[in-house]
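Trainee: I'd like to learn how to read a structure by asking questions. Could we go through one together?

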Amino acid sequence: MVEDELALFDKSINEFWNKFKSTVSDTSCQMVGLRDAYKDSIKAFAEKLSVKLKEEERMVEMFLEYQNQICRQNKLIQEKKENLLKLIAEVKDKKQEVEALTATIQDLKEEYARKKETISTANKANEERLKRLQKSADLYKDRLGLEIRKIYGDKLQFIFTDIDPKHPDRPFMFSLCLNEARDYEVLLLVMLSSKGGDYSFDL
């Protein structure tokens, strides 16, 4: 009876051991499989993470390059803006100069027109005066034998020959000039004597 129980107990222990060994063996295989799967997962995750990090590094490099490009573009834009402002200021200055020159030219044109009108009026007056003087000179020449000569010292000499009816060739004369004060001076020539038709004069 006791032997049978011992044999049954021994059998039970053997069955338990065999089940335990089988279970431990299966668990060990599962652990190895899980470990390998975990390693593969970690490796795949590491590879994906490495790829992701490289992509992010490229994105950061692209962002920095884009930022540098933006800075360069902003600098160029600022330089162009400053140059444009300078050009605008120069154009304004040139415009003001052109306006000033235009006004000056217009003033000169108006002054020229006024002077031209004045000169034209003066010329007309001089022409009328010259006509009157010429008419008077012709009259004096016909009636009194007037002859006008330019002599030394920028003087004008007026000679009359038809004054004395008895001696129509007898000359009477005077000189006219401008002094330093720009006043007219008349110098009379007095006849001294007559010899054979020749006359001498003194001042």
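Mentor: Gladly! We will need one definition: a residue is buried under 20% relative accessible area, exposed over 50%, and partly exposed in between. Please also keep in mind that this is a predicted model.

Trainee: Let me begin with the overall layout. What pattern does the chain follow, read along the sequence?

Mentor: Start with the inventory: the secondary structure comes to one helix and five strands. The helix, α1, covers residues 2-144. Reading along the sequence then gives the pattern α-β-β-β-β-β.

Trainee: How confident is the prediction, and in which strand is confidence lowest?

Mentor: The chain averages a pLDDT of 79, and 79% of the residues score at least 70. Over residues 192-203, though, pLDDT stays under 50, and the model has 23 contacts beyond four places in sequence for that stretch. Confidence is highest in strand β2 (residues 155-160), at a mean of 87, while the lowest value, a mean of 46, belongs to strand β5.

Trainee: Is Ser175 buried or exposed?

Mentor: Ser175 sits in strand β3, which spans residues 172-178. Beyond four places in sequence, Ser175 touches several residues, among them Ile151, Leu156 and Val186. Its relative accessible area is 5%, and the cut-off is under 20%, so Ser175 is buried.

Trainee: Now to charges. Why can some side chains pair up, and how far apart are the closest N and O atoms of Glu111 and Lys115?

Mentor: Side chains of opposite charge can pair when their charged atoms come close. Glu111 and Lys115 are four residues apart in helix α1, so they are separated by about one helical turn. Glu111 is partly exposed at 31%, and Lys115 also counts as partly exposed, at 48%. They form a salt bridge, and the closest N and O atoms are apart by 3.2 Å.

Trainee: Which residue forms a salt bridge with Glu65?

Mentor: The structure holds four salt bridges. In this one, the closest N and O atoms are 3.4 Å apart.

Trainee: Does Asp164 count as buried or exposed?

Mentor: Asp164 and Arg170 meet through their side chains in a salt bridge of 3.2 Å, N to O. Arg170, at 23% relative accessibility, counts as partly exposed. Asp164 has 15%, so its class is buried.

Trainee: What is the area of the nonpolar surface patch made by Leu84, Leu85, Leu87 and Ile88?

Mentor: Take Leu84 as our example, a residue of helix α1. Its relative accessible area is 49%, which means that Leu84 is partly exposed. Together with Leu85, Leu87 and Ile88, Leu84 makes a nonpolar patch of about 370 Å².

Trainee: How far apart in space are Leu144 and Phe172, C-alpha to C-alpha?

Mentor: Leu144 is found in helix α1 and is partly exposed, at 27%. Its contacts beyond four places in sequence include Phe160 and Ile163. From Leu144 to Phe172 there are 28 residues in sequence, and the C-alpha distance in space is 10.0 Å.

Note on methods:
Residues numbered from 1 in each chain as written. Predicted model: local features only at pLDDT ≥ 70, side-chain atom pairs only at ≥ 80, totals over all residues. Heavy atoms only, no water. Helix = DSSP H or I, 4+ residues; strand = E, 2+ residues; numbered from the N terminus. Buried < 20%, exposed > 50% of the residue type's maximum accessible area, 1.4 Å probe, protein only. Contact = heavy atoms within 4.5 Å. Patch = residues over 30% accessible without salt bridge, like charges linked within 9 Å, V, L, I, M, F, W, Y side chains within 5 Å. Areas by Shrake-Rupley, 256 points an atom, 1.4 Å probe, with all protein chains shown as cover. pLDDT = per-residue confidence, 0-100.
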